[in-house]
Amino acid sequence: LYPPGKSCRIPIIAVTGTNGKTTTTRLIAHIVKNNGYKVGFTTSDGIYIQNHMMEKGDTTGPKSAQYILRDPTVEFAVLETARGGILRSGLGFSICDIGVITNIQENHLGINDIHTLADLAKVKATVVKSIKKDGWAILNADDEHCVKVAADLNCNVAYFSLDEENPLIKKLSSEGKIVAVYENGFITIKKGEWKMRIERATHVPLTLGGKAKFMIANVLAATLASYLWGFKTEDIRLSLQTFIPSAAQTPGRMNIFEFKKFKVLIDFAHNTSGYKGVEEYLQSVEATKKIGIIAGIGDRRDEDIKECAAIAARMFDHIIIRQEKYLRGRTENEIINLILEGIKSSDKKVTYEIISKETEAIRHAINFAEEGSFITALSDVVANAIETVQEYLDKENEHGII
């Protein structure tokens with residue numbers, strides 16, 4: 001099976017963090033596949049070999065990793081690795097070649113004895129502490145908790161940043177180190193002061209014309225990981241150009257559906273940093289009316305639920321509150337009251353209504369959308385939301401009516 005000189009292992013790139021894990025995993029897998037490998041990858045929506053879904057569901061734990069690693073046809077593994085699986089059963093692999101931490105933000109605090117961002121960072125650090133000595137940890141230089149993780153690592157470390165003037169990035173560049181930065185509109189790898197511009201962000205579909213800054217951060221992480229693995233810059237550029245955000249390729253990650261008179265965005269944002277990312281994108285969107293469909297998650301802290309609602313009040317003109325799932329120990333009314341508190345804490349006057357079921361809330365928003373409206377569904381049940389919107393879009397394309 002393993003002749004002299006033949007490795008008994010396949011390459012593993014593991015991706016963790018609070019937001020952006022799934023998109024970064026899928027993009028790296030796309031780059032790997034385009035370089036001729038048969039790739040297996042795990043995400044929060046399923047296990048895939050090449051682009052064929054083998055198992056559906058939240059598959060970011062050790063059992064899902066082992067599913068990929070046991071398949072004899074897989075030549076390269078890209079594994080989304082979430083907090084829950086690490087706490088429950090570890091990683092599912094002993095060492096990896098490259099580990100990525102996208103960011104460490106407030107999410108899942110107050111659960112499983114994880115009360116602070118420092119606690120959460122310790123959990124996420126499990127991934128990068130498993131990197132082999134000559135492997136690479138890819139960390140976010142704009143995130144202080146990611147930067148702190150580096151002190152305990154026994155492998156090579158490289159950083160990415162949305163800001164070329166980030167003090168850490170400037171220091172590393174002056175030392176001749178490799179970093180990835182967003183500079184002058186380009187996704188760029190820097191070696192010391194020498195720049196390799198991979199692609200203009202507006203030419204990378206995933207960034208939505210360069211308007212979605214949090215997507216640019218995901219692209220930087222994936223680009224740096226791919227470059228350090230050894231893929232050529234031309235091949236990375238082609239992969240960035242051909243990775244199209246869509247309900248099929250990146251379900252629930254900034255999926256935009258264009259109707260004749262209005263648009264619908266579906267995103268999986270479910271914490272404050274996710275909401276802020278959507279808010280930043282919506283600032284670049286012109287619409288006669290911005291409608292948001294939101295929900296709370298029962299096992300989040302009161303202040304987290306209220307802050308998400310306050311951000312929603314800032315970015316929407318009208319809010320539809322729905323709360324049929326993810327009660328997790330609370331009552332529906334309890335979560336809705338926290339959301340209402342958050343909405344009312346905002347200085348902006350915003351109208352709202354309550355429609356418990358998500359599909360009904362989406363149908364209501366579409367049926368009553370004015371010309372030029374922009375509807376945003378921040379959905380935790382992505383498949384249902386996409387199916388509902390796609391059904392309406394198909395009707396409009398077939399019959400001209402919805």
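Which residues form one aromatic cluster? I started my notebook with that, keeping in mind that this is a predicted model. The cluster consists of Y37, F76, W229 and F231.

**Entry: the ring search.** I searched the whole structure for aromatic pairs and got 6. I opened the pair of Y37 and F231 to begin with: the geometry is edge-to-face, with 6.2 Å centre to centre and 70 degrees between the planes. Next I looked up where the two partners sit. Y37 is in the loop between α1 (21-34) and β2 (39-43), while F231 is in the loop between α7 (213-229) and α8 (233-242). The two are 194 residues apart, so I noted the pair as a link between distant parts of the chain.

**Entry: buried or exposed?** I checked accessibility for both rings. Y37 comes out at 27% relative accessibility, so I put it down as partly exposed. F231 has 8% relative accessibility and therefore counts as buried.

**Entry: a stacked pair.** I then turned to F259 and F262. Their ring centres are 4.7 Å apart and their planes are at 15 degrees; because planes under 30 degrees apart count as stacked, I logged this pair as stacked. I also found that both F259 and F262 are buried.

Technical notes
Residues are numbered from 1 along each chain as its sequence is written. This is a predicted model: local features need pLDDT of at least 70, side-chain atom pairs count only at pLDDT 80 or more; totals for chains, interfaces and linings use all residues. Side-chain values use heavy atoms; hydrogens and water are left out. Rings of Phe, Tyr and Trp (its six-membered ring) pair if their centres lie within 6.5 Å; planes under 30 degrees apart count as stacked, over 60 as edge-to-face and the rest as tilted. Helices (H or I, at least four residues) and strands (E, at least two) are DSSP runs, numbered from the N terminus. Buried means under 20% relative accessible area, exposed over 50%, partly exposed in between (1.4 Å probe, protein chains only).
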